[in-house]
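Trainee: I have this complex open on my screen and would like to go through it with you. Could we start with what counts as buried?

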Amino acid sequence: MEPLHTALGAIKVLRCSVGQVFSCLANGVRADHGEEGRDAKFLSELDELLSSVTQHLRDVEQAVNSLSQPPGPFTLGNTSFLSQECTQERQALYSQLVLSYKWTDKIHEFSNLSVALLSQNSLKRSYTNSSTAKRRRAPTSSHNVPPQNVDTVISSIDRQFPDMNISVSRPFGANAVLQVTLSRVLQAVVALKGLMIEWVVVKGYGETLDLWSESRHKVFRKITENSHAAMLHFSSPTMPELAVRSFMTWLHSFNTLFSDPCKRCGNHLHSALPPTWRDFRSLEPFHEECKH
Amino acid sequence: MSQPVSTAVDNLSAALKSNIIPNQEYLLQGSVVDTAVEVLLHRLRGLCDNVDSGPETFNDHEMCFSIVNVEGGASPQPLLLRVRRALDYPDMPWQLRYIGQQEGTGDKSRPTIVRNSIDIGTSSTVVDFLTEMGCRMDFEYIARGYMFRKGRMKITVTKIFKMGPGKSLDSVEPISQSYLVELSVLAPTGQDAIAEDMRIFAEQLRPLVVLEKVDYKRLPPMGP
Amino acid sequence: MGVTILQQFPMLENRTGPQTIDFLTKRVVALGAIQCGQFLVDCDTYMSTPSLGPQRTVHVMHNSEQPASVFSLLESSGKTIPLVADGLFDLLMLKMTPIYTKKQTKVESKGPRFELADFCIKLGSVTISQNFKGVLVEVEYRPCVVPATCWDLLREFLQGFLGSCVPSMPPQYLQPRMNEIYQPMDTIQQYLEHFSMYRKASGVLQFN
């Protein structure tokens, strides 16, 4: 390898000195050659340069002679095909290389930023183990849970609340969609991804249930909004089962939606709506306007 | 600010005036023995509209009521009412049907029986309602069979089963060894052209089944 | 169909029917309600001929909220049998004419209809053969289907714009049905209860 490097170095030096000769010739007689005998000075400079070229050429020859034939063919991978195409424009390599360089650079920058952001944000829904040192067990995943486990969790929640009926269906492959009927007060559709709650729609008793349309009634549209807040609040990637259970307990507290007055103002109605907010901890009913 | 609401009576009389209420039934009847019914069904399947889905089956319970106006002269005409419910779809509305006197039985120029008919969807309280109103239930039966459509025409092939008091609905026995075949259209008054269509269709079913005008008055009197 | 409460609003001696409706309209609009059309509930009554035995009465009623339905109530020897049918039931009653004849005069409640969030408010002037009899206020809370769970809420709402005339107990008719699912027929039965009261009373009902 060493002689190859010296040979390449020698070629580089030779090219440099040849370049100097041509630049000297192109510039012609310059001011720094002075007034007197400037032609002689120019010629001697050129001569000097030419002799250095000869010397460098000799160096190259010497270095090349000391090189040995490579024992076998080089394995160059795909790059060996580069020699097949000689016109640079057809390869368009340069612009692609620049683009991919920019990409990797950007990705690097963005990932640095997102790591900084994600590690601050408490609502993170994916499991990131920042301390790689203690990897005692395989990280629990909230969105990749076998369907049997989901069924077990849901049926145990179903048993926990006799007046809340939960049925599981799987219209989109492995992920479960729950249909919740809370006595004769409300119905809800909860879409799960594994054991992570992804979407909730709350509607009135007797309304047709689907994942996309909202309720006819203002009160259930409000509760749908609030249940989205609850779904994010209870979300816990490390304990997905607890998150679902807490959410369902919270949803179950709407059993008394129409019968319980607001804990703060003591009235049933505020702007013609019943208390649509339930405290996350105490599950006490509040009006939207009274919860703060 | 907005139009006052029109009353239900106004709406009904407007509908009557523009003659959009289907209150005339055009009817032809016939019968076919059990052994020949498969051939008839095959023929109907080829002739009728619902070819791809096959014939629609039904399993209905029908109760026939009558109420007589005693003050209506020497031989008062009873008012006939029928209640029908689908045994296989218990949540569907029940059907209450008024059937008037039939016309056109003796008239050679009219190809079908024509009778006044009002079909009303109701809640399941209708039997209690009629009974308390003073109607008497004359008889009841189970009708099971197939229904076909051809344009506006309805063709039913029905097996009729006896219903005894206190008998379960599963162990009913057929009333005869044949099927009742009916071809009917429910249309607003004055659309007599449909009767001709029905006659032509009935021709196409000959000789598998002969559909004709049955004159009830000439049948021997039934029951007590 | 949500739970509906029907409530009489007392007539004051110095106020006419339209004035009372105006007065209530102002209150309801002040709460933020928006007028959405008119409504009409009517009732025709048919009596059986004496030859049919004991007297039977059929009330045939319509509600503009369920325009395709006819509601009938048969009163016979202390029982009331409800029947919901489609619009052609009116034609059948015409066929019944010799046996059941339209005896009494028509009772109607009609007036403006308002919506406020999930509430539907109807201010009806009751007339018997075009004679003004009183004011009936109907309030429906549409999200709820079981009367027991929302009676307190509805009472609070009614008291909010009708004042002290609202009783603390649910209407008589609803009391044994508080835990059942509310049906359109239940509204009709409440109307019939009030219409019968207006029929029995002579002149405009007064509360002082």
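Mentor: A residue is buried if 20 or more other C-beta atoms lie within 10 Å of its own, and exposed if 12 or fewer do, with partly exposed in between. Please keep in mind throughout that this is a predicted model.

Trainee: With that cut-off, what percentage of the residues of chain A count as buried?

Mentor: Chain A has 292 residues, and 19% of them count as buried. Among the contacts in chain A with a separation of 6 or more, 48% are between residues 24 or more positions apart.

Trainee: What does the secondary structure of chain A come to?

Mentor: There are seven helices and six strands in chain A, and read from the N terminus the elements run α-α-α-α-α-β-β-β-β-α-α-β-β.

Trainee: And which strands make up the open sheet there?

Mentor: The open sheet has four strands of chain A in the order S1-S2-S3-S4, with antiparallel pairing. Strand S1 (164-172) and strand S4 (196-204) of chain A are the edge strands, and since each has a single partner strand, one side of each is left without a neighbour in the sheet. From one strand to the next, the twist averages 20°.

Trainee: How many bridges join S2 and S3 of chain A?

Mentor: Strand S2 (residues 175-182) and strand S3 (residues 186-193) of chain A pair over six bridges in the antiparallel sense, and Leu178(A) has Val190(A), in S3(A), as its bridge partner. Helix H6(A) packs on the sheet, where H6(A) touches S3 and S4 of chain A, and the direction of H6(A) makes about 165° with that of S4(A).

Trainee: Switching to domains, where do the bounds fall in chain A, and how many Å separate the centres?

Mentor: The domain assignment of chain A gives domain 1 as 2-66 and domain 2 as 147-286, and the centres of these two domains of chain A, taken over C-alpha atoms, are separated by 85 Å.

Trainee: What about the domains of chain C?

Mentor: In chain C the assignment gives domain 1 as 3-40 + 106-200, and domain 2 as 43-102. The centres of domain 1 and domain 2 of chain C, over C-alpha atoms, are 24 Å apart, and eleven residues of domain 1 of chain C are in contact with twelve residues of domain 2 of chain C.

Trainee: Which elements supply the domain 1 side of that contact?

Mentor: Strand S2 (34-48) and helix H4 (184-200) of chain C each supply at least two residues of the side of domain 1 that touches domain 2, and the largest share, seven residues, comes from H4(C). By class, that side of domain 1 of chain C has nine nonpolar residues, one polar and one charged.

Trainee: How many residues of chain C are in contact with chain B?

Mentor: The contact takes 33 residues of chain C and 30 residues of chain B. On the side of chain C that touches chain B, the elements giving two or more residues are S2, strand S3 (56-63), strand S4 (69-76), strand S5 (79-86) and helix H2 (89-95) of chain C, and the residues of that side comprise 15 nonpolar, eleven polar and seven charged.

Trainee: And how many residues does the contact between chains A and C take?

Mentor: That contact takes 17 residues from chain A and 16 from chain C. On the chain A side, helix H6 (residues 218-234) of chain A gives the largest share, three residues, and by class the chain A side divides into nine nonpolar, six polar and two charged residues.

Trainee: Back to the cut-off for a moment: why is Thr16(C) classed as partly exposed?

Mentor: Thr16(C) has 13 other C-beta atoms within 10 Å, so Thr16(C) is partly exposed. Thr16(C) is found in the loop between strand S1 (3-9) and helix H1 (17-30) of chain C.

Trainee: Last topic, confidence. What do the scores say for the chains and the complex?

Mentor: The mean pLDDT is 87 for chain C, where 96% of the residues reach 70 or more. Chain A averages 83, with 85% of the residues scoring at least 70, and over residues 132-137 of chain A the pLDDT is below 50. Where pLDDT is low, the predicted coordinates should not be read in detail. Chain B averages a pLDDT of 83, with 86% of the residues at 70 or above, and for the complex the predictor gives an ipTM of 0.84 and a pTM of 0.72.

Technical notes:
Residues are numbered from 1 along each chain as its sequence is written. Chains are lettered from A and ligands numbered from 1 in the order in which they are written. This is a predicted model: local features need pLDDT of at least 70, side-chain atom pairs count only at pLDDT 80 or more; totals for chains, interfaces and linings use all residues. Domain bounds come from an automatic or database domain assignment. Two residues are in contact if their C-beta atoms, placed from the backbone, lie within 7 Å. Ala, Val, Leu, Ile, Met, Phe, Trp, Tyr, Cys and Pro count as nonpolar, Asp, Glu, Lys and Arg as charged, and the others, Gly among them, as polar. pLDDT is the predictor's confidence in each residue, from 0 to 100. Two strands pair if DSSP finds at least two bridges between them. Axes are lines fitted to C-alpha atoms, for helices over the stretch in contact, and angles run from 0 to 180 degrees between N-to-C directions.
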